[in-house]
Amino acid sequence: MFKKILVPVDGSEGSWRALEHAVVLGEKFESTIIVANVIQPYNNASLLAIPLDHARMEKGNSELEKIGDKVLEMAQERMANYPHKVEYSLEVGHPSERIIALAKQAEAEAIVLGSRGLSGIAEFFLGSVSSKVAQYASVPVLIVK
Ligand SMILES: Nc1ncnc2c1ncn2[C@@H]1O[C@H](COP(=O)(O)OP(=O)(O)O)[C@@H](O)[C@H]1O
Ligand SMILES: [Mg+2]
């Protein structure tokens, strides 16, 4: 059980707390930890969701991709002492959809994520990503407060 744990991180404090919990769990179960960041190359304000900067996105050197790589680098530093396997994945698309798809594709046996992320709206207990993942994932989800 918990041989593979998916930890989606967005660079927020909540996501780093989630990673710490995943490490404790992973040390117990000798888990592979997959750390994933999802970049969203769309203009959020646009109802048409027109991809921004699509050409550069595909060449792999967009500003967004640099931010995603930076988040994964920060994760790598935090995972330096983890004794089991760690994989890093930069995903492109809608965050909750990509997280759920990646969990399936990688056959993760659990997902550990923060209750809140970067948006900083403290009004609700859950963010949109954590609530959608909890709702639609088909494996156990640990939401770290
Ligand atoms: N783009 C993303 N890539 C990877 N993980 C994410 C992303 N966005 C959110 N998460 C994960 O979901 C958690 C909750 O974030 P979210 O639901 O977006 O809350 P908020 O609305 O406060 O930003 C984060 O702590 C992180 O673990
Ligand atoms: Mg968010």
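**Close-up views of a predicted model**

**Figure 1. The end of helix α4 and its buried residues.** Just after α4, Glu107 adopts a positive phi of about 55 degrees. The model shown here and in the following views is predicted. Within α4 itself, the buried residues are Pro95, Ser96, Arg98, Ile99, Ile100 and Ala103. These buried residues pack against the strands β1 (4–8), β2, β3 and β4, and against helix α5.

**Figure 2. Packing of helix α4 on helix α5.** Two packed helices are described by the angle between their axes and by the distance between the axes. For α4 (residues 95–105) and α5 (residues 128–136), the angle is about 35 degrees and the axes lie 9 Å apart. The crossing of α4 past α5 is right-handed. On the α4 side the contact involves Pro95, Ser96, Ile99 and Ile100, which meet Val129, Lys132, Val133 and Tyr136 of α5. Sorted by class, this contact comprises 6 nonpolar residues, 1 polar residue and 1 charged residue.

Figure 3. The protein chain contains 5 helices and 5 strands, arranged along the sequence in the pattern β-α-β-α-α-β-α-β-α-β. Strands of a sheet pair through backbone hydrogen bonds, in either a parallel or an antiparallel sense. Here 5 strands form an open sheet with parallel pairing, in the order β3-β2-β1-β4-β5. From one strand to the next, the twist averages 20 degrees.

**Figure 4. Strand β2 and its partners.** Of the 8 residues of β2, 7 are buried, so the strand is largely enclosed by the rest of the structure. The parallel pairing of β1 with β2 extends over 5 bridges, and Leu6 has Ile34 in β2 as its bridge partner. Strands β2 and β3 also run parallel and are joined by 7 bridges. Val35 has Tyr88 in β3 as its bridge partner. Helix α3 (residues 63–78) lies across β2 and β3 and runs at about 155 degrees to β2.

Figure 5. Val23 is placed in helix α1. This residue counts as buried because 22 other C-beta atoms lie within 10 Å, where 20 or more are required. The C-alpha atoms of Val23 and Pro83 are 9.4 Å apart in space, although the two residues are 60 apart in sequence. Lys70 belongs to helix α3 and is exposed, with 12 other C-beta atoms within 10 Å. Between Lys70 and Gly11, which are 59 residues apart along the chain, the C-alpha separation is 8.8 Å. For the protein chain, among contacts between residues at least 6 apart in sequence, 73% join residues at least 24 apart. Buried residues account for 30% of the 145 residues in the chain.

**Figure 6. The shell around ligand 1.** There are 22 residues around ligand 1, and those that come nearest are Pro8, Gly114, Gly117, Gly127 and Val129. Two or more residues of the shell are given by each of α1 (13–29), β2 (32–39), β4 (110–114) and α5. By class, the shell divides into 10 nonpolar, 10 polar and 2 charged residues. Val129, one of the nearest residues to the ligand, also takes part in the contact of α5 with α4.

Figure 7. Most residues other than glycine have a negative phi. Phe2 has a positive phi, near 60 degrees, and is not a glycine. This residue is located in the segment before β1 and is partly exposed, with 19 other C-beta atoms within 10 Å. Glu30 is likewise not a glycine, and its phi is positive at about 55 degrees. Glu30 lies in the loop that links α1 and β2, where this residue is exposed, with 11 other C-beta atoms within 10 Å.

How values were computed:
Residues are numbered from 1 along each chain as its sequence is written. Chains are lettered from A and ligands numbered from 1 in the order in which they are written. This is a predicted model: local features need pLDDT of at least 70, side-chain atom pairs count only at pLDDT 80 or more; totals for chains, interfaces and linings use all residues. Axes are lines fitted to C-alpha atoms, for helices over the stretch in contact, and angles run from 0 to 180 degrees between N-to-C directions. Helices (H or I, at least four residues) and strands (E, at least two) are DSSP runs, numbered from the N terminus. A crossing is left-handed if the near helix is turned anticlockwise from the far one by less than a right angle, and right-handed if clockwise. Two residues are in contact if their C-beta atoms, placed from the backbone, lie within 7 Å. Ala, Val, Leu, Ile, Met, Phe, Trp, Tyr, Cys and Pro count as nonpolar, Asp, Glu, Lys and Arg as charged, and the others, Gly among them, as polar. A residue is near a molecule or strand if its C-beta atom, placed from the backbone, lies within 6 Å of it. Two strands pair if DSSP finds at least two bridges between them.
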